[in-house]
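Subject: Structure for you to look at

Hello,

Here is the structure I said I would send. Please open it alongside the notes that follow.

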Amino acid sequence: MEGGVFAMKKIGFIGVGVMGASMVRNLMAAGFEVHIYTRTKSKAESVIQEGAIWHETPQDLAPQVDVLVTMVGYPTDVEELYLAEDGLLTTLRSGAIAIDMTTSSPNLAKQIAEEGKALNIAVLDAPVSGGDIGAKNGTLTIMVGGEQEAFEAAEPVLNAMGQSVILQGAAGAGHHTKMVNQIAIASNMIGVTEALCYAKKAGLDPEKVLASISGGAAGSWSLSNLIPRVLQDDFAPGFFIKHFIKDMRIALDEAKQMNLELPGLALAEQMYQQLADAGFAENGTQALIKYYEK
């Protein structure tokens, strides 16, 4: 990176969760100096031992870095992080780039980008798809909204974490694209789960069924990556049900504003909410199978 735009760049990362820890590792493997903060330090101990630099608060971290990545839980977290009186927009240095990789509200992304621009801070919304597997392997799909110049400057950082990195349009376009992704997944999760239920009721060997249908027209990422976990009774979260519900509600709210009816998405949200109410909010989305085991 010597002599380039990103020579000796320092990267900040706020939100070292299930996916964030792997993304931090990939940034360090790409040669970046990574500064981190997360609410529960114990969850970040492994990456601290591997070389990530810990900070006690976001306000302490932000002035130290050239590019800041945030990946937190909910739009309310994003709003507090960036727009509070002592938020990131007031503590990042002029000329910095902020990349919010939380799945959040397109309208909030536009607001943060506008306020950031007034302070000479470029803000990109860059939600991801690919779950814990994609985060670990550095093969995430990253959907970006923001200005072309900022996107090009941030590409080395984004490419360290993802395989498909595409600028979708202006601020908010990344989140809108992620909503498209989540809408497609929502109904697909119902389909692959019901298919598995049918296979079991028909007395078939689910492993053999998967071998037959995964490579054909029924194939999908969820079928190939999540249904095998179900067969192993593995409901650990690659992506939390509680976060999927949040995403679906953002999509439903956006659709309502566009006078667009999405009954498949609405059904999926209702089903997952029932699971959350039954105590499965901390499970992975593959726990949808438990809806059918009542």
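The buried residues of helix α1 pack against β1 (10-14), β2 (33-37), α2 (45-49), α7 (131-137), β8 (140-145) and α8 (148-161). Here buried means under 20% relative accessible area, exposed means over 50%, and partly exposed is in between, with a 1.4 Å probe and protein chains only. The residues in question are G20, A21, S22, M23, V24, N26, L27 and M28. After α1 comes G31, which has a positive phi near 100 degrees.

Before going further, some conventions. This is a predicted model, in which local features need pLDDT of at least 70 and side-chain atom pairs count only at pLDDT 80 or more, while totals for chains, interfaces and linings use all residues. Residues are numbered from 1 along each chain as its sequence is written, and side-chain values use heavy atoms, with hydrogens and water left out.

The chain as a whole

The protein chain has 14 helices and 9 strands; these are DSSP runs numbered from the N terminus, helices being H or I with at least four residues and strands E with at least two. For 294 residues, a compact globule would have a radius of gyration near 19 Å, and the value of 20 Å for this chain agrees with that. The radius is taken over C-alpha atoms, and the globule rule is 2.2 Å times the number of residues to the power 0.38. Along the principal axes, the C-alpha atoms fill a box of roughly 60 × 45 × 35 Å.

Buried residues account for 50% of the 294. Of the contacts (heavy atoms within 4.5 Å) between residues at least 6 apart in sequence, 66% join residues at least 24 apart. There are 21 positive and 34 negative side chains, and the centres of the two sets lie 6 Å apart. Lys and Arg count as positive and Asp and Glu as negative, without His and the chain ends; each charge is placed at NZ of Lys, CZ of Arg, CG of Asp or CD of Glu.

M161 lies in helix α8 and is buried, with a relative accessible area of 0%. Leaving aside neighbours within four places in sequence, M161 contacts F13, M23, L27, M101, G134, G138, T139, L140 and I142. Among these, M23 and L27 also belong to the buried set of α1.

T38 sits in the loop between β2 and α2, and is buried at 11% relative accessible area. A polar atom of the T38 side chain lies 3.2 Å from the backbone nitrogen of V16. Not counting residues up to four places away in sequence, T38 touches G15, V16, A44 and W54.

Two asparagines to check

Most residues other than glycine have a negative phi. N120 has a positive phi of about 60 degrees although it is not a glycine. N120 is in the loop between α6 (106-118) and β6 (122-125), and is partly exposed at 47% relative accessible area. N259, also not a glycine, has a positive phi of about 55 degrees. N259 is in the loop between α13 (241-257) and α14 (263-280), and counts as exposed at 74% relative accessibility.

Regards

Notes. A polar contact is a pair of N or O atoms within 3.5 Å; within protein, one must be able to donate a hydrogen and the other to accept it, and residues adjacent in sequence count only if both atoms are side-chain atoms.
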